[in-house]
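Subject: Structure for you to look through

Dear colleague,

Here is the structure I promised to hand over, and below it I have written out what was found. Please keep it open while you read, so that you can look up each place as it is named.

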Amino acid sequence: MKYVCASGIIVNRLRFADGSVMEDLMGGGGFFAYSGLLLSDPESLFVAGVGRDFDRIYGDWFRRNAASLMGVRYRVDYSPYDELEYLPDGRWRPHSVYTEEYRATALAECRVYAQDLEPYLRDCKGIYSGSGLDLAYHKKLMELRDRYGFKAMWECVIDPSITDETRPRILEIARETDIWSLNRPESFRLFGVDSEQAAIEKLMELGTPCYYRVGSRGAYMVMNGEAAFVPVIHLVPNEQEIDPTGCGNSSTAAALWAFCEGMSAKEICTWGNIVAAYNVLQFGPTPVINRELRQRAMNLLREMCGEKKA
Amino acid sequence: MPRYIVSGSNNVDRIIPFEDPTKISHAIGGGVNYALTAMSLFGEDILSVSYAGLDFDRYYGDWFRDNGFSSEGIVRAFEKTYRVDLVYQENGTYVTAGTVREGSVYGRNTPNMDLLRPWLEGPELRGLHLLCHGNAVFFEQLQQYRHKGIKIGYEMEVAKKTYVDMTAFAEEVVKLVDYFSVSITEAAEIWPGVRDERDALEIFAPMGCDVFFRMGRKGAYMVSGGYAYYSPMVDEFGSIDPTGCGNSSTAAAFLSLCEGEGPMRAAQVGAVAASLAAGCHGLVPKLTPELRRRCKELADEYTERAEGGIKI
């Protein structure tokens, strides 16, 4: 497989303020990331620990989109399952459908270690990891990268608090990886700055190429001393967009693909934004990912950036 | 190649004294290591196949070397080996902290097929003993090896909130293993109707697998084929620290059964292993040939003294 997404899943239930409920929604940051990779390249593999209910909830999506299930590991009886309860003021509050202890244990048991990736690396060009701050994972991944020659993307998935203790570790991982991604609030906390411009300067100092997401404004690709900005892309009028959940993850994985395919900073950023534009059209991931959709997305990239390079 | 594999949690105990909580010391622990010790007391070629932190050798290196244990099966997959705080109280007892609350670290120790698969094809392999939080799907995946004749033992980690339905899981898993073990406190937590040992034995009797039922100072029963075989608590090495006694007795009794010994003998082997564990602070520092010989003699003596099984 040319691209690998190493992560996990979380099933979602949405409980709206009017009392209506949507159940069994495919979710999990890593899964959204995989949908972004798959839209970019059909030779993409999802490697994740899952629950027994995986096939019932995700199976059709994988089969419909001709996505390989070879990397799926059945590790727990019930996949982690979160309810997002929307409050009348529009905010939402998450909690586990099971116990918080079960959630934490199941997430840990579903964790894919870097060692588990080795069978898929021979022809691999890029790996997306949303792996937290465990240095053992990153150390092993870097070892594997040096052996197999792929590029590693790290999406900085961290707790809301970036502390003095975690800051050096985040920067260490970011320095060692080939490309990374974070969003605006994370960048402000990490660098102690209060503007995008100041954050970009810090990202340039750090040196590692970064897909820097600035929410509904769009994203920057910071690399080679340049910060290319591309505003958010709308495929439909604003009010017809449904749910931004997973836009950051899917666009980040898409940016990895574009980076590995040798695209320019502007093209990488544009591709990430195009993939996010498809993701926002519904609850859950892009439902049908096929050659036609890839072609349409690629044409859009060509229109926006000129000559196609991939 | 190993004859037995034992798999479970490595953890370092942080001992926090009552008198001065700032004077923290560390002691190596983890159910899997008590089990490794107990199985090695009565058998040979036992291998721990377990997840650990990058700091594993710092904590366990000397102990593994001193006892001739191979660390070939240790996969250093995360940064820090899981820590459990033993917070000592004024009366000399301790409470543990960190087990479930830090679930994200706790669950990382749980064995899975990625960890075990490389070892399960070994031609000499007779048994796999697991001490862990459980998922039935994992035990289903192990059935292919069970069908090849490898016996599966399971000491269930009972922490109710980490299961969606703990009773349903226990009732499913006993159909998927050859040997199962819980303590009386755990049995009461899994099956809320259990008030005493009689209630528990009635639940265990019809189960398809052998059950090693531990009752602390009151001894233990090996439940097999509708009969219960009792072993009293053995006190031959002193009562210094009860930590790991259950892990030790369960693992040694499993090995005994796998070696073809009868359920009464297995129960006594378990009791002797527990006795040795109780005689040491933490893990037994070194298994010497004399210690092994003494434990076998004790198991012989207690087996000879034991009465027959009780029909449940």
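A residue is called buried when its relative accessible area is under 20%, exposed when it is over 50%, and partly exposed in between, with a 1.4 Å probe and protein chains only. This is a predicted model, in which local features need pLDDT of at least 70 and side-chain atom pairs count only at pLDDT 80 or more, while totals for chains, interfaces and linings use all residues. Residues are numbered from 1 along each chain as its sequence is written, chains are lettered from A and ligands numbered from 1 in the order in which they are written, and side-chain values use heavy atoms, with hydrogens and water left out.

The sheet of chain A

Helices (H or I, at least four residues) and strands (E, at least two) are DSSP runs, numbered from the N terminus, and two strands pair if DSSP finds at least two bridges between them. In chain A, nine strands form an open sheet with mixed pairing, in the order 5-4-1-8-9-10-11-12-13. Its edges are strand 5 (72–76) and strand 13 (226–231) of chain A, each of which pairs on one side only, and the twist from one strand to the next averages 15°. (Axes are lines fitted to C-alpha atoms, for helices over the stretch in contact, and angles run from 0 to 180 degrees between N-to-C directions.) Within this sheet, strand 1 (residues 3–8) of chain A runs parallel to strand 8 (residues 126–129) of chain A and is joined to it by four bridges; A:Y3, for instance, has A:G126 in strand 8 of chain A as its bridge partner.

Which strands does helix 2 of chain A lie across? Helix 2 (residues 54–64) of chain A lies across strand 4 (44–51) and strand 5 of chain A, and it runs at about 165° to strand 4 of chain A. Helix 8 (residues 247–260) of chain A lies across several strands, including strand 1, strand 8 and strand 9 (151–155) of chain A, and runs at about 160° to strand 9 of chain A.

Cores and aromatic residues

A nonpolar core is a set of buried Ala, Val, Leu, Ile, Met, Phe, Trp, Tyr and Cys residues joined through side-chain atoms within 4.5 Å. The largest such core has 55 residues, and those with the most contacts inside it are A:F46, A:Y58, A:F62 and A:W271. Apart from it lies another core, of 52 residues, among them B:F56, B:M264, B:A273 and B:C280. Contact means heavy atoms within 4.5 Å, and, leaving aside neighbours within four places in sequence, A:F46 is in contact with residues including A:C5, A:I9, A:F31, A:F54 and A:F62.

Rings of Phe, Tyr and Trp (its six-membered ring) pair if their centres lie within 6.5 Å, and planes under 30 degrees apart count as stacked, over 60 as edge-to-face and the rest as tilted. Over all chains the structure holds 41 aromatic pairs. One of them is the edge-to-face pair of A:F54 and A:Y74, at 6.3 Å centre to centre and with 80° between the planes. This pair links helix 2 of chain A, where A:F54 is found, with strand 5 of chain A, which holds A:Y74, the two residues being 20 residues apart. A:F54 is buried because its relative accessible area is 0%, whereas A:Y74, at 28%, counts as partly exposed. Both residues belong to one aromatic cluster, which also includes A:F46, A:Y58 and A:F62.

Strand 1 of chain B

Is strand 1 of chain B enclosed or open? Five of the five residues of strand 1 (residues 4–8) of chain B are buried, so this strand is largely enclosed by the rest of the structure. B:Y4, B:V6 and B:G8 point one way from the strand, and B:I5 and B:S7 point the other way. Strand 1 of chain B pairs in the parallel sense with strand 4 (residues 46–48) of chain B over three bridges, and also with strand 9 (residues 127–132) of chain B over five bridges. B:Y4 has B:I46 as its bridge partner in strand 4 of chain B, while B:V6 stands opposite B:H129 in strand 9 of chain B.

With best wishes
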